[in-house]
Amino acid sequence: MTTDTQSNTSEAQDDEYATVPDPDAVIEFGDDVEEGFVGLIEHTLATSDFVRTNRVPMTSQGGGTTLLINEVDPDV
């Protein structure tokens, strides 16, 4: 990967992440991962009272997907 490609990829990810709050964790799935598996992980995390997820498709890199995870304060 060239420096230009890395720079463009980083900028595209920054643009996509800008639509949601700064995540506490990031899970990136490549384009070879089945949608059902991504959905299973997303659903499993969604059942927790302590985290919230946002899905960001990585269209600039192909068919991959990113899950952004934010901690939720249970006292709020």
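Thr 53 is in contact with Glu 42, Leu 45, Leu 68 and Ile 69, once its neighbours within four places in sequence are left aside. The model in which these contacts are found is a predicted one, and Thr 53 belongs to its strand 2, which covers residues 51-58. With a relative accessibility of 17%, Thr 53 counts as buried, because the cut-off for that class is under 20%. The points below take up the chain as a whole and then some of its residues and pairs.

**The chain as a whole**

- The chain holds two helices and three strands, and, read from the N terminus on, these elements follow one another in the order α-β-α-β-β.
- Of the 76 residues in the chain, 25% are buried.
- The accessible surface of the chain amounts to about 5,200 Å², and carbon and sulfur atoms account for 51% of that surface.
- When contacts between residues at least 6 apart in sequence are considered, 52% of them join residues that are at least 24 apart.

**Helix 2 and strand 2**

- His 43 is part of helix 2, which runs over residues 35-46, whereas Thr 53 sits in strand 2.
- Along the sequence His 43 and Thr 53 are 10 residues apart, and in space their C-alpha atoms are 9.2 Å apart.
- The two residues fall into separate accessibility classes, since His 43 is exposed with a relative accessible area of 54%, while Thr 53 is buried at 17%.

**Salt bridges**

- Side chains of opposite charge can pair when their charged atoms come close.
- The count of salt bridges in this model comes to two.
- One of them joins the side chains of Glu 35 and Arg 55, with 2.8 Å from N to O, and this pair links distant parts of the chain, as Glu 35 lies in helix 2 and Arg 55 lies in strand 2, 20 residues apart.
- In the other, the side chains of Glu 42 and Arg 55 meet at 2.6 Å, again from N to O; Glu 42 is in helix 2 and Arg 55 in strand 2, so this pair ties together parts of the chain that are 13 residues apart in sequence.
- Through salt bridges that share partners, Glu 35, Glu 42 and Arg 55 are joined into one network.

**Phe 29 and the aromatic pair**

- The count of aromatic pairs comes to one, and the pair is formed by Phe 29 and Phe 37, whose rings are 6.0 Å apart from centre to centre.
- The angle between the two ring planes is 80°, and the pair is classed as edge-to-face because that class takes planes over 60 degrees apart.
- Phe 29 counts as buried at 7% relative accessibility, whereas Phe 37 is partly exposed, with a relative accessible area of 43%.
- Phe 29 lies in strand 1, which spans residues 25-29.
- Phe 29 and Gly 64 are 35 residues apart along the chain, yet the separation between their C-alpha atoms is 5.5 Å.

Notes: Residues are numbered from 1 along each chain as its sequence is written. This is a predicted model: local features need pLDDT of at least 70, side-chain atom pairs count only at pLDDT 80 or more; totals for chains, interfaces and linings use all residues. Side-chain values use heavy atoms; hydrogens and water are left out. Rings of Phe, Tyr and Trp (its six-membered ring) pair if their centres lie within 6.5 Å; planes under 30 degrees apart count as stacked, over 60 as edge-to-face and the rest as tilted. Buried means under 20% relative accessible area, exposed over 50%, partly exposed in between (1.4 Å probe, protein chains only). Helices (H or I, at least four residues) and strands (E, at least two) are DSSP runs, numbered from the N terminus. Contact means heavy atoms within 4.5 Å. Accessible areas come from the Shrake-Rupley method with a 1.4 Å probe; for residues, only the protein chains shown count as cover. A salt bridge is a side-chain nitrogen of Lys or Arg within 4 Å of a carboxyl oxygen of Asp or Glu.
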